[in-house]
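Biologist: Could you take me through this structure slowly, telling me for each label what rule stands behind it?

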Amino acid sequence: MDQLGLAADFQAAGPHRYRYVDLHFPRTHRRIRLPEDGWGLSRLAFDQMLLDAARRAGARVRQEKVDLSIDGGAVVEARGRRCHAARGARLFGFKAHFAGPVDDAVSLYFWDSSCYVGVNAVEGGAINVCGLAPEDLLKARGFHPEDLAAGFAPLQSRLGGLERQSAWMFTGPLLFDSRLRQPPPSPRTYWAGDQLSFVDPFTGSGMLAAVFTGRRAGLSAAAGEDGAAYLRVASASLGGPRQTSGLVRWAVRSGLAETLLHLTPESWLFHWTRPVLKASGR
Ligand SMILES: Cc1cc2nc3c(=O)[nH]c(=O)nc-3n(C[C@H](O)[C@H](O)[C@H](O)COP(=O)(O)OP(=O)(O)OC[C@H]3O[C@@H](n4cnc5c(N)ncnc54)[C@H](O)[C@@H]3O)c2cc1C
């Protein structure tokens, strides 16, 4: 936000401040002190802030489906993640806003090898509850994500004090996918955000990666830098979170996550899930 000149706008949007991440597993709970504060801001507020800033900076905004092939010049593509997968085991994301007591932690609940839930406050004291689960499991629970909590006391206890304020929203299928090693269709095409690399949301680094690569892609396009050179910078920045989320997914599936959690120094857990921003070179 500092690099974009938007630090004041960001704070004016009233993000909720975090100091901790609480990781809950069936046999373990670990609280991690964040080395720097984290911030909770809804996409509604964040996207509006970015859009207003783009307009102020002179961007002409067209809110419609754009055919990206019409222009032969530089194109920054940020169309989001790909969503095609075989039925059944497909992963879906869900979220709703709740009212209730807020705290200064992002709480993540892992109790099943296939799904998890995160709870954190955003601006205005709203509490965002979101998670991931396979469609078969959601279907079996009648698409009531609250019912997933039945098997896990810490999550039940956290949700017990909250009142849902919105309908559940679902998104998916989710594919953890990357184009970091794929040659772009033209030397002046720059992929950014989830279109370039979508990592498991528990890392909480998707927005950071999207803003970082979006900014960097814009700078590369304006400077006429080759798309392959941009991809090398993006790979150096995003490779860590990708590998970490793959490793954590494997550890959760194989039941080793709790053991590894205790063996891993706190600062590593944080840094391994962050894009390396100093590699931006600009
Ligand atoms: C369940 C869940 C929870 C998450 N939680 C967090 C979190 O706590 N913290 C965090 O940092 N990240 C989180 N993420 C990840 C984060 O949402 C993404 O990394 C981020 O949204 C990526 O932004 P993006 O702009 O690349 O893609 P998107 O937000 O998907 O935006 C792409 C946009 O492009 C539009 N589009 C597509 N094609 C065209 C076209 N041809 N013309 C015009 N428009 C087009 C789409 O409609 C969409 O609006 C979460 C993700 C999920 C699924």
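Modeller: What follows is a set of questions about labels, each answered with a value and its rule. This is a predicted model, in which local features need pLDDT of at least 70 and side-chain atom pairs count only at pLDDT 80 or more, while totals for chains, interfaces and linings use all residues. Residues are numbered from 1 along each chain as its sequence is written, and side-chain values use heavy atoms, with hydrogens and water left out.

Biologist: Why is Asp 22 called buried, and why does Arg 31 count as partly exposed?

Modeller: Buried means under 20% relative accessible area, exposed means over 50%, and partly exposed is in between, with a 1.4 Å probe and protein chains only. Asp 22 has a relative accessible area of 6% and is therefore buried, whereas Arg 31, at 40%, counts as partly exposed.

Biologist: How do you know that Asp 47 and Arg 43 are about one turn of the helix apart?

Modeller: Both lie in helix α2 (residues 43-56), four residues apart, which is about one turn of the helix. Helices (H or I, at least four residues) and strands (E, at least two) are DSSP runs, numbered from the N terminus. Asp 47 also forms a salt bridge with Arg 43, the closest N and O atoms being 3.1 Å apart. Asp 47 is partly exposed because its relative accessible area is 33%, and Arg 43 counts as partly exposed because its value is 46%.

Biologist: Why does Arg 158 have no salt bridge?

Modeller: Arg 158, found in helix α4 (residues 153-160), is buried, and the nearest side chain of opposite charge, Asp 103, is 4.2 Å away. Lys and Arg count as positive and Asp and Glu as negative, while His and the chain ends are not counted.

Biologist: What lies 3.3 Å from a polar atom of the side chain of Arg 158?

Modeller: The backbone oxygen of Pro 101 lies there. A polar contact is a pair of N or O atoms within 3.5 Å; within protein, one must be able to donate a hydrogen and the other to accept it, and residues adjacent in sequence count only if both atoms are side-chain atoms.

Biologist: What makes the phi of Phe 143 worth a remark?

Modeller: Phe 143 has a positive phi of about 55 degrees although it is not a glycine. Most residues other than glycine have a negative phi, and most peptide bonds are trans. Phe 143 lies in the loop between α3 (135-140) and α4, and it counts as partly exposed because its relative accessibility is 38%.

Biologist: Which residues does a cis peptide bond join?

Modeller: A cis peptide bond joins Gly 172 and Pro 173, with omega about -5 degrees. Pro 173 lies in the loop between β9 (169-171) and β10 (189-191).

Key: A salt bridge is a side-chain nitrogen of Lys or Arg within 4 Å of a carboxyl oxygen of Asp or Glu.
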